[in-house]
Amino acid sequence: MSPAAPKSLELIRRLIAFDTTSVKSNLALIDFVREFLASHGIESQLVHNEERSKANLYATIGPEDRPGVMLSGHSDVVPVTGQAWDSDPFDVLERDGKLYGRGTADMKSFIAAALAFVPEMAASDLKTPIHLAISYDEEIGCVGVRRLLEMMAGLPIRPAMCVIGEPTGMKVVIGHKGKRAFRVRVRGLECHSSLAPAGVNAVDYAAELIVFIRQLAKRLAAEGPFEAEYEVAHTTLHSGLVQGGTALNIVPKDCFFDFEIRNLPDQDPEPLIEEITAYARNTLEPEMQAVDPASGFAFEALSGYPGLDTGPGEEVVTFVKSLVGANDHKKITFGTEGGLFQGQLGVPTVVCGPGHIAQAHKPNEWIELSQVAACEAFMGRLIERLAT
């Protein structure tokens, strides 16, 4: 390792080496972190899923009788299946001032940087504690953190503020959209395609509802409401997966599709959901059930999380700005666990971490070493501030 290498480089390599794709267990990584913390005299608490195949981790460094600053990150990563990587995605490749590997940007480099400074945190006379929170299954809808929230709700002392280390280029983010995702199952009536009017075409009716959702999306794009600080300034709707039918000469009995709403924090998505379900129930189902009373639509909620909307003048914003050495802030279109921490626990939250979301979720995911260095500088300043 060269003298100029980041302090956290070896920990980044260790964390990336754990394949924590959301469909797999994260326990090997969590056990590693727990043992690492224990080697520096820090106890941690695990909050498992029902199957005990995954776990969140929570630890406090410094005094435990007062609220502190929570550094939060997720341990899971998105799949690499079907992606054309030029190197092993779970073995960090360093080249041209960048680190390549699944999770380098989203978001194991932040977790590694925090862990790299644990020895300094433990050795410092912190007047305000640092809390570490590592969750599972964020990538499939902020699933795992909800169990952590249940545990934290019962704590006698909760964090005073939270920094979520998602990739923002080390810019302070004060807002992001919420998300609601649904699966719609359409039941029709199959028959020979030469007798199509005698059947109920599940694919056709799914398509009609998808077009209706698209029309809602076009209305929002044209009429708003708008919030100019977002790259996409309005609430969006999107259908992303459709599957149905068995053969061209059979009127399809079954079809399903998935759609999502990414709403501005101050726009309630429920009226949009009600519009969609009302169109299915009141306009489409009567046509279907005139042919077959058993046909129709079934809606299943897949995932969701609230938006984040932190006031620019709040203490967490000014504090984190002082740590990154900048006075600007922004809002992002992708989601985090921030709205849950803020909405359910009442913990003021911002998002600020190394790397850029544009490099995440794709082949040859990477982070610049300069971003890792900026995150390490942030950690050093955090310790200095909390020790005074």
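**Inside the largest cavity**

Sorted by class, the residues lining the largest cavity are nine nonpolar and two polar, with no charged ones. Keep in mind that this is a predicted model. The count of cavities of 30 Å³ or more comes to one, and the largest cavity holds about 70 Å³ of space.

Now for who sits around that space. The lining is made up of V33, L71, S72, G73, F110, I111, A114, L115, L132, A133 and I134.

On to the cysteines. The model has zero disulfides. Take C142 to begin with: its sulfur has the sulfur of C162 as its closest cysteine partner, but the two are 12 Å apart, so they are too far from each other for a bond. C352 is in no disulfide either, and the nearest cysteine sulfur, the one in C375, lies 7.7 Å away. For a pair to count, the sulfurs would have to be within 2.5 Å.

And are these two cysteines tucked in or out in the open? C142 has 0% relative accessibility, so C142 counts as buried. C352 comes out at 1% relative accessibility and therefore counts as buried as well. The cut-off used for that call is under 20%.

Technical notes. Residues are numbered from 1 along each chain as its sequence is written. This is a predicted model: local features need pLDDT of at least 70, side-chain atom pairs count only at pLDDT 80 or more; totals for chains, interfaces and linings use all residues. Side-chain values use heavy atoms; hydrogens and water are left out. Buried means under 20% relative accessible area, exposed over 50%, partly exposed in between (1.4 Å probe, protein chains only). On a 1 Å grid over the protein atoms alone, a cavity is a set of points where a 1.4 Å probe fits but cannot get out, and a pocket is an open set with protein on both sides within 12 Å along at least five of seven lines; lining residues have an atom within 4 Å of a point. Grid points are joined across faces, edges and corners, and a volume is the space filled by probe spheres set on the points. Ala, Val, Leu, Ile, Met, Phe, Trp, Tyr, Cys and Pro count as nonpolar, Asp, Glu, Lys and Arg as charged, and the others, Gly among them, as polar.
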